[in-house]
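Dear colleague,

I am handing over the structure below, and I would be grateful if you could read the notes that follow alongside it.

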Amino acid sequence: MLLLSCPWCGSRPENEFRHGGEAHVTRPQDPASVSDTAWAEFLYGRTNPKGVYAERWRHIHGCGRFFNCVRDTVSDRIIATYKPGEARPA
């Protein structure tokens, strides 16, 4: 079992959280003015790297907030967690 560290609540087991997909994906400012191809890319285009990856998680059985997490997809090791709006740790 993974232990995730919520920036607000501290370290908790992974079953208190839900995965929210790739982090740092920006929604278009005016979706109506975006082409169908660009909108499809926003909705479905995600990286799927082998290695270090930034993703979003939500602490559903705690504070309910989203936060970002840097995780190694090979070893499943959590490298860092941080609040939305903060820069990704090096």
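In this predicted model, the side chain of Glu 55 makes a polar contact with the side chain of Arg 71 at 2.6 Å, and another with the side chain of His 19 at 3.1 Å; a polar contact here is a pair of N or O atoms within 3.5 Å, where, within protein, one must be able to donate a hydrogen and the other to accept it, and where residues adjacent in sequence count only if both atoms are side-chain atoms. Glu 55 is buried, with a relative accessible area of 0% (buried means under 20% relative accessible area, exposed over 50% and partly exposed in between, with a 1.4 Å probe and protein chains only). Leaving aside neighbours within four places in sequence, Glu 55 is in contact (heavy atoms within 4.5 Å) with residues including Gly 21, Ala 23, Phe 67 and Cys 69.

Glu 55 belongs to strand E4, residues 52–58; strands (E, at least two residues) and helices (H or I, at least four) are DSSP runs, numbered from the N terminus. Four strands form an open antiparallel sheet in the order E3-E4-E5-E6, and strand E3 (18–22) and strand E6 (78–82) stand at its edges, each with a single partner strand, so one side of each has no neighbour in the sheet. Within it, E4 and E5 pair in the antiparallel sense over seven bridges (two strands pair if DSSP finds at least two bridges between them), and the bridge partner of Arg 58 in E5 is Phe 66.

The largest nonpolar core has six residues, namely Leu 4, Cys 6, Phe 17, Trp 57, Phe 67 and Cys 69; such a core is a set of buried Ala, Val, Leu, Ile, Met, Phe, Trp, Tyr and Cys residues joined through side-chain atoms within 4.5 Å. Strand E1 (3–6) and strand E5 (66–72) are the elements that give two or more residues to this core. Not counting residues up to four places away in sequence, Cys 6 touches Phe 17, His 59, Cys 63 and Phe 67.

Residues are numbered from 1 along each chain as its sequence is written, and side-chain values use heavy atoms, with hydrogens and water left out. Because the model is predicted, local features need pLDDT of at least 70 and side-chain atom pairs count only at pLDDT 80 or more, while totals for chains, interfaces and linings use all residues.

With best wishes
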